[in-house]
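Have the structure open as you read.

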Amino acid sequence: MVCRVHFSGAVVGALLLAVGALHAQSPATRTATRTARRAPAPTREWSDRLKAMPLHTGWPLTLTLSGQARWREEFMRAYNLGPLHDDFGLTRLMVGADLQAGHAKRLHGRVLTEVRDAQALSRTLPGGTRPTDGDRHDIQNLYADLGYGRSFVRYGRQEVSLNRERLVGVPDWANTRRGSAGTRAQLVRGRLVLEGTDIRPMIVRLDRGNRADSTARLRTLSLGSAPGAARFARGLPTQWNGYWYEQTVRTPSALTRRLTSGARTLWQFGTPATSRLVTSVEVEGALQRGHAGARELQAWFWVAETQLQWRRVRGLPSLALGLEQASGDRPLTAGNEAFAVLYPAAHQHGGFADVIGRPNVTEVHAISSWDPLPSLSLRGAWYRFDRRRLDEGVYNKQNALFRAASGSTARHVADEVDLTAAWKATSHLRVLLGGATVRPGPFLSNTPGGAHVEHWGYVGTTFAFCPRPSLTTLRPCLRCSDPFSC
């Protein structure tokens, strides 16, 4: 049924109601009404119409549509400190639909679907178009949630990042993003959060449908403080988390089972709303046990970092200073002492050039960020890498040996400097620019294979609308080290 109202009658009726309402108001109220009427209405973006669209009157059922178009051009000189050079492009298209029912503070459900098309153009470096570079028209996320408040159970194909992504992460820099298939559950009670996962990583196949890896499995369990919750007592950490990760990988000839147990704590001094300077101190460490084939695992890592942020200075400049160490293998023992990152997130730690990994390395870093304009973000970082053990080499970020010790007594491996900038041209478009220089130290320069100074850079754009909303996320909003993540 269509309701038709005579135009002139409707106008007259509306005017009479408005006049009566104005006469009933007090002078102060009429003044406030006129002032409010003169205030410009907030402008709405076209994409706002795609957010939380109600699907049924009176029902808490909404649909959000999202999308992203990304282009990046990279140039590489002396790839992995070797003689190879290249220039290539990367593109990624993503579209998604997020159906949510219920209320965020009560019972709610969710079904999220995202599809992705990723391509690498003219990449001639070793590996060509790698699984991290290209994947034609496949599913990125397809999962269902059922939850109450901030607690939920999730099942399906999903992205899983844990803690600060030092051990398990989703590298947005990678063109295909890491996905997993399985179950994730989160229980929030007061100031505590208990979380567990049982997932298998997705195998990316360029021109065929991706599938879960039946030979690899990750199960995790963690207990910690809920983000934003008050500390239990003065002097205790602002945030804390204890975790246990089990990774199993089967090959035709061997079974690897890594059990990683660790904890992360963070103390914060000062409050962002009232303090001139906010300081945080973070410490994380873990032990790794289990076996890789017939070799017993006995590895460890730790990191300590302090960050300072000047809250009263324009652009909120910050400075982070950190020290990190991880064990390396001892060649003359029957066991394996090299610490392995389970599912690393490129760029998140250890420099943007992604050359030097964590095992057998002492890393010192200084990272500074500054937003001189509301639309401009700048970041600079310096890293120094040294060998812990002189009878062991260094590894890459995939836990593979990058350079053997070869009898060298040099400890200094390399230095790296990163510079990046991100400009928010519009509410949907971001322009990105950055690069890194890796200068080899005596160890890489004087061992077989030698080393060149590596220069790497990129320029790119990201157009995105309606980034996926979440009823259940517990990750705090951090100033991400990956310029493409936010």
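What follows is a short tour of a predicted model.

Start with the largest nonpolar core, which has 30 residues. Ile-356, Phe-385, Val-413, Leu-444 and Trp-456 are the ones that touch the most other members. Several elements each supply at least two residues of this core, including strand E3 (85–102), strand E20 (412–424) and helix H3 (442–446).

Now turn to the second largest pocket, with a volume of about 1200 Å³. Its lining is made of 47 residues, and Thr-132, Arg-178, Pro-344, Ala-346 and Gln-398 lie nearest the centre. Strand E3 supplies at least two residues of the lining, as do strands E2 (61–77), E8 (192–203) and E11 (239–250). Sorted by class, the lining holds 26 nonpolar, 10 polar and 11 charged residues.

Finally, look at the rings, where the count comes to 8 aromatic pairs. One of them joins Tyr-243 and Tyr-245 in a stacked arrangement, 4.7 Å centre to centre with 15° between the planes. Both of these tyrosines, Tyr-243 and Tyr-245, are buried. Tyr-383 and Phe-385 are also stacked, at 6.2 Å centre to centre and 5° between the planes, and both Tyr-383 and Phe-385 are buried. Elsewhere, ring pairs link Trp-46, Phe-463 and Phe-465 into a cluster.

Technical notes. Residues are numbered from 1 along each chain as its sequence is written. This is a predicted model: local features need pLDDT of at least 70, side-chain atom pairs count only at pLDDT 80 or more; totals for chains, interfaces and linings use all residues. Side-chain values use heavy atoms; hydrogens and water are left out. A nonpolar core is a set of buried Ala, Val, Leu, Ile, Met, Phe, Trp, Tyr and Cys residues joined through side-chain atoms within 4.5 Å. Buried means under 20% relative accessible area, exposed over 50%, partly exposed in between (1.4 Å probe, protein chains only). Helices (H or I, at least four residues) and strands (E, at least two) are DSSP runs, numbered from the N terminus. On a 1 Å grid over the protein atoms alone, a cavity is a set of points where a 1.4 Å probe fits but cannot get out, and a pocket is an open set with protein on both sides within 12 Å along at least five of seven lines; lining residues have an atom within 4 Å of a point. Grid points are joined across faces, edges and corners, and a volume is the space filled by probe spheres set on the points. Ala, Val, Leu, Ile, Met, Phe, Trp, Tyr, Cys and Pro count as nonpolar, Asp, Glu, Lys and Arg as charged, and the others, Gly among them, as polar. Rings of Phe, Tyr and Trp (its six-membered ring) pair if their centres lie within 6.5 Å; planes under 30 degrees apart count as stacked, over 60 as edge-to-face and the rest as tilted.
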